[in-house]
Amino acid sequence: MAADEIRALSELLAADPQSLVFIPLAEALLARGDLTNAASVAQRGAARHPNRTEAHDLVARIALAQGDEARAETAWESVLALDPLFGTAHRGLGLVRYRQGRLEEALQHLAQAAHEDPADEPVRAALDAVRQVVRARANAPAPPRRASGQIAAVASSADPDTEPAGASA
C-alpha cells in the first residue's frame, strides 16, 4: 500500500477513532514493515473493539512479527475466548506451542486449524512435521537413568586412592 493510502487511512481513523479502519491501516503498516506503528494502531483498535476477533488476531500477528510470542499467545487466546473455531488463532498458537516445546498442545491447535481450513497446505505441513517429531520422541531410547540419592552418596564418598576391582593395569 502506498504512503498516500496509509496517510488517508490514518486521517480517517483520526476523524473517527471508533472506526474499524484501524484494521486495514495496521495491516498496511505491517505489510510495510512498520511494526511499531502497526502494533500501536492494532492495540488501540483492539482496546476500542474488545469483541472483534480480527482485532486481536491482528495484534497477535504483529506481536509475532516483533518476536513477542507471549503477547501473541495472549492475543490469540483472547480470539479463541470469543470464537473457539477461529482457524488463524489455532494456527498461530500451534506455532507458538511448538516453539515452546508443548507438542501435544501444538498438535491440538494445528489439527483444529487444519479442520477449519483443509486447503491450508502450510498448516497441514506443520501438522505433519509436529506429528513426526512426536513420533520420533516417542520412539527414542530412554536417556540413561541417574544414580539414586544413595548410590550417588556412596559414589561421592568413595576413597579416591582406592581403585575399583580389576582396574589395575
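1. Contact of H6 with H7. Gly-87, His-90, Arg-91, Leu-93, Gly-94, Arg-97 and Tyr-98 of H6 touch Leu-103, Glu-105, Ala-106, His-109, Leu-110, Gln-112, Ala-113 and Glu-116 of H7. Contact means heavy atoms within 4.5 Å. By class, this contact has 6 nonpolar, 5 polar and 4 charged residues. Ala, Val, Leu, Ile, Met, Phe, Trp, Tyr, Cys and Pro count as nonpolar, Asp, Glu, Lys and Arg as charged, and the others, Gly among them, as polar.

2. Basis. This is a predicted model: local features need pLDDT of at least 70, side-chain atom pairs count only at pLDDT 80 or more, and totals for chains, interfaces and linings use all residues. Residues are numbered from 1 along each chain as its sequence is written, and side-chain values use heavy atoms, with hydrogens and water left out.

3. Geometry of H6 and H7. The axes lie 7 Å apart and the packing angle is about 155 degrees. Axes are lines fitted to C-alpha atoms, for helices over the stretch in contact, and angles run from 0 to 180 degrees between N-to-C directions. H6 and H7 are therefore roughly antiparallel (angles over 145 degrees; under 35 is roughly parallel, 65 to 115 roughly perpendicular, the rest oblique). Their crossing is left-handed, meaning that the near helix is turned anticlockwise from the far one by less than a right angle; clockwise would be right-handed. Helices are DSSP runs (H or I, at least four residues), numbered from the N terminus.

4. H7 with H8. Helix H7 spans residues 103–116 and helix H8 residues 121–139; their axes come within 9 Å and cross at roughly 150 degrees. H7 is therefore roughly antiparallel to H8. This crossing is left-handed. Contact residues include Leu-103, Leu-107 and Leu-110 of H7, and Val-123, Leu-127 and Val-130 of H8. The class count is 13 nonpolar, no polar and 4 charged.

5. H4 with H6. Helix H4 (residues 53–65) and H6 have axes that come within 10 Å and cross at roughly 30 degrees. That makes the pair roughly parallel. The crossing of H4 and H6 is left-handed. Asp-57, Arg-61 and Leu-64 of H4 meet Thr-88, Ala-89, Leu-95, Val-96 and Arg-99 of H6. These residues divide into 4 nonpolar, 1 polar and 3 charged.

6. Largest pocket. Its volume is about 160 Å³. A pocket is an open set of points on a 1 Å grid over the protein atoms alone, where a 1.4 Å probe fits, with protein on both sides within 12 Å along at least five of seven lines; lining residues have an atom within 4 Å of a point. Grid points are joined across faces, edges and corners, and the volume is the space filled by probe spheres set on them.

7. Pocket lining. Lining residues include Arg-91, Tyr-98, Leu-110, Pro-122 and Val-133. H6 (87–99) and H8 are the elements giving two or more residues. H8 supplies the largest share, 6 residues. By class, the lining has 9 nonpolar, 1 polar and 1 charged residues.
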